[in-house]
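Subject: A structure for you to explore

Hi there,

Here is the structure I promised to pass on to you. Have a look at it first, and then read my notes below.

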Amino acid sequence: MRASKQHKGSNMSKTLYYKSVQEIEAFCMPQFQTLDRPLCSNNSTHKSYFSSKSPREPYCTFESSSATASYNTFYNSPSTVSFSPNGSPVSQQESQSYPPDPHDNNYGSPASGSCNTDDVYDFRHKLRELETVMLGPDSDIIDGYDCSLISGIEIDDWKQMMEGIPRKDLKPVLVSCAKAVSDNDVSMAQILMAELRQMVSVSGEPIQRLGAYMLEGLVAKLASSGSSIYKSLKCKEPKSSDLLSYMHILYEVCPYIKFGYMSANGAIAEAMKDENRVHIIDFQIAQGSQWITLIQAFAGRPGGPPHIRITGIDDPTSAYARGGGLNIVGQRLSKLALFFKVPFEFHSVAISGCDVNANDLRIRPGEALAVNFAFMLHHMPDESVSTQNHRDRLLRLVKGLNPKVVTLVEQESNTNTAAFYPRFLETMDYYTAMFESIDVTLERDHKERINVEQHCLARDVVNIVACEGTERVERHELLGKWKLRFRMAGFTPYPLSSLVNATIKTLLDHYSERYRLEERDGALYLGWMNRDLVASCAWK
């Protein structure tokens, strides 16, 4: 009997990865631009590039002031970034003007005479360039920036001070600027921001691209406008089909999300291999794509599939990327289950995790329960933000439901309760690895790379750097802290299957060899070179 159980779990685990999902994507995924497969790997450089199958379309280009531009379309340049309605570049003279918002208390200070200097004008102009890329041409965030604060600074003095820092060494300048912001040294912060504006680029090397977004966060932090710029970034989202396409590209070119989904699904498949009725509660179901391979795996289970019921929870604001409510997810997964002859039910709960209670989850006797927390719990405010402490409240609520397995997948980063300066350093270290990993897969002149980084990553960076209190919703914790929370709620570790671990290692064979997978202390870690980026574990 024991041997047969092991064999059954092995088949389930292998199915989670080895079966192709091409035949079922039509049921589950909306139609959007796909990427060429398989990856074209260059063993000498360890780079694997994706290219687009879609026809060439007009898109935004950057005018480079450098005569040595090595790319036809994008290059490392902080020069003019303006767009005409058809997507072609226009000059600064052709772009519209942007009056400050008279109702914004954080902005609109009168400019002093010193703002007429070429250097200060250039500083404001560079802020506008990056703002145009991130927020669109009608933003008013930077126009009200108080340049009168620079009035007492001699341009020659700060230029002389910057001579001690190598021109291309961007990280020390970012760190010094963050320290000045942390110390509320406004003059020094603005000096360094002016220098950084000449060094960052949304189309340059990984640190230059990340630096552009971190600089945007520093500007907002200094002006106490973190929440304003974060909300503006959300308002400037592309149409939902484009946003979903960018998310899908990120899903394909980096293994982080796939790793999280596969490790969680492996734990659930192992725990439910002998169950006839399975209830899965997903606290952030998004597109529902995590469950495609699991339903497919259950369909091939020896002895037949179980009856599966999925409760999908998601804040109504997430409906934008989906192009509609949770009923869309339910319909896609139901069609998939019907295709594979798996008995299936879907229950939608369109509320925030902060508002979930036991009655919303419709627990039924006789069902084996699995609960999935994939990239979700870090959005829940804890005791440092709210006396309600929804982060721990949810764990206690779930423990009271007596689940057979609970899966946790989170970014391995420490930004929750950290003060601004150490939080900035941690964010820079974490996202440097993230941007470097994108760089080996998406060529720098790939027309969608800037869109992927801007719409899938930049908002998180700005939120972590610029926002405080309840406005800061990206609050990551290291796995050690999550383990403490789970144990305090009464959970014990659920061992991960070695078969699942081996399957994930096979997945990584399709990506750069600089990714690494490590199992330690009952958890799986996926990292880029020496930096852990995502951690996964299971509990009962």
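Helices (H or I, at least four residues) and strands (E, at least two) are DSSP runs, numbered from the N terminus. Counted that way, the protein has 18 helices and eleven strands. Please keep in mind that this is a predicted model, where local features need pLDDT of at least 70 and side-chain atom pairs count only at pLDDT 80 or more, while totals for chains, interfaces and linings use all residues. Residues are numbered from 1 along each chain as its sequence is written, and side-chain values use heavy atoms, with hydrogens and water left out.

How much of the protein is buried (under 20% relative accessible area, with a 1.4 Å probe and protein chains only)? Of the 540 residues, 56% are buried.

Now to the inside. A nonpolar core is a set of buried Ala, Val, Leu, Ile, Met, Phe, Trp, Tyr and Cys residues joined through side-chain atoms within 4.5 Å. The largest one has 96 residues, and Leu218, Tyr256, Ile280, Phe424 and Tyr431 touch the most other members. A second, separate core has 30 residues, including Val398 and Trp539. Back in the largest core, take a look at Phe424. Beyond its neighbours within four places in sequence, Phe424 is in contact (heavy atoms within 4.5 Å) with Leu174, Val175, Ala178, Met214, Leu218 and Val465.

Thr441 counts as buried because its relative accessibility is 3%.

Finally, why is helix H14 (residues 390-399) described as largely enclosed by the rest of the structure? Because seven of its ten residues are buried. These are His390, Arg391, Asp392, Leu394, Leu395, Leu397 and Val398. Their cover includes strand E6 (368-374), strand E7 (405-411) and helix H17 (479-488).

Enjoy exploring!

Best wishes

Definitions and conventions: Buried means under 20% relative accessible area, exposed over 50%, partly exposed in between (1.4 Å probe, protein chains only).
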